[in-house]
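This report describes helix packing, salt bridges and aromatic pairs, together with the accessibility of the residues involved. The structure is shown first.

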Amino acid sequence: MTLHQFTIFAAIVKHGNITRASQELHISQPAVSKQMRLLQEQYGAKLFLRCGRGVSLTLAGERFRTAVSPILKQVRLLHQGSADSAVKLDHDRLAVGGSYSPSAILLPT
């Protein structure tokens with residue numbers, strides 16, 4: 001089980017549709033289906049039932065969503081924290097040194 005599969009699972013749950021989840025994630029629909037098939041094999045239970053033009057969660061899928069939700073929430077918090085700290089960084093000057101010939105040819109003035 002991978003974090004990527006958890007993210008795909010959450011998108012499918014959110015939309016109730018594999019195609020819409022693939023559009024949100026910018027991944028092809030067959031790739032999303034394959035990842036969910038692999039996740040179900042690794043988890044050892046069927047997580048979704050196909051119904052009409054979408055999918056619905058099974059009882060095992062509900063339990064899996066309950067277990068995965070805190071993990072995805074922590075990942076979102078980590079991304080937000082790293083984005084906040086990246087904004088606060090000061091930009092330093094970079095000095096590059098080299099011999100005259102390569103420097104004159106390769107480096108901009």
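A residue is called buried under 20% relative accessible area, exposed over 50%, and partly exposed in between. By this rule Glu-62, with a relative accessible area of 31%, is partly exposed. The model discussed here is predicted.

**Salt bridges**

In one of them, the side chains of Glu-62 and Arg-65 meet at 2.6 Å, N to O. Both residues belong to helix α4 (residues 59-88), where Glu-62 and Arg-65 are three residues apart, about one turn of the helix. Arg-65 is partly exposed, since its relative accessible area of 32% falls between the limits of 20% and 50%.

A salt bridge also joins Lys-14 to Glu-24, with 3.5 Å between the closest N and O atoms. Lys-14 is located in helix α1 and Glu-24 in helix α2 (residues 18-25), so this pair ties together parts that are ten residues apart in sequence. Lys-14 has a relative accessible area of 60% and is therefore exposed. Glu-24, by contrast, is partly exposed, its relative accessible area being 36%.

**Packing of α1 and α3**

Two packed helices are described by the angle between their axes and the distance between the axes. Helix α1 (residues 3-15) packs with helix α3 (residues 29-43) at an angle of about 110°, and their axes are 10 Å apart. Because angles of 65 to 115 degrees count as roughly perpendicular, α1 is roughly perpendicular to α3. On the α1 side the contact is made by Gln-5, Phe-6, Ile-8, Phe-9 and Ile-12, and on the α3 side by Val-32, Gln-35, Met-36, Leu-38, Leu-39 and Gln-42. Sorted by class, the contact of α1 with α3 comprises eight nonpolar and three polar residues, with no charged residues.

Helix α3 also holds Lys-34, which is partly exposed at 43% relative accessibility. The C-alpha atoms of Lys-34 and Gln-5 are separated by 9.9 Å, while the two residues are 29 residues apart along the chain.

**Aromatic pairs**

How many aromatic pairs does a search of the whole structure find? The search finds four aromatic pairs. A pair of aromatic rings is described by the distance of the centres and the angle of the planes. Two of the pairs involve Phe-64, as listed below.

| Pair | Centre to centre | Angle of planes | Class |
|---|---|---|---|
| Phe-6 and Phe-64 | 5.7 Å | 70° | edge-to-face |
| Phe-9 and Phe-64 | 4.9 Å | 85° | edge-to-face |

The pair of Phe-6 and Phe-64 is edge-to-face because its planes stand at 70°, and angles over 60 degrees count as edge-to-face. Phe-6 lies in helix α1 and Phe-64 in helix α4, so this pair ties together parts that are 58 residues apart in sequence. Phe-6 counts as buried at 11% relative accessibility, and Phe-64 is buried with a relative accessible area of 3%.

The pair of Phe-9 and Phe-64 likewise connects helix α1 to helix α4, and so ties together parts that are 55 residues apart in sequence. Both Phe-9 and Phe-64 are buried. Through ring pairs, Phe-6, Phe-9, Tyr-43, Phe-48 and Phe-64 are linked into a cluster. Within this account, Phe-6 and Phe-9 are also among the α1 residues that make the contact with α3.

Note on methods: Residues numbered from 1 in each chain as written. Predicted model: local features only at pLDDT ≥ 70, side-chain atom pairs only at ≥ 80, totals over all residues. Heavy atoms only, no water. Axes fitted to C-alpha atoms, helices over the stretch in contact; angles between N-to-C directions. Helix = DSSP H or I, 4+ residues; strand = E, 2+ residues; numbered from the N terminus. Parallel < 35°, antiparallel > 145°, perpendicular 65-115°, else oblique. Contact = heavy atoms within 4.5 Å. Nonpolar A, V, L, I, M, F, W, Y, C, P; charged D, E, K, R; others polar. Salt bridge = Lys/Arg side-chain N within 4 Å of Asp/Glu carboxyl O. Buried < 20%, exposed > 50% of the residue type's maximum accessible area, 1.4 Å probe, protein only. Phe/Tyr/Trp six-rings, centres within 6.5 Å; stacked < 30°, edge-to-face > 60°.
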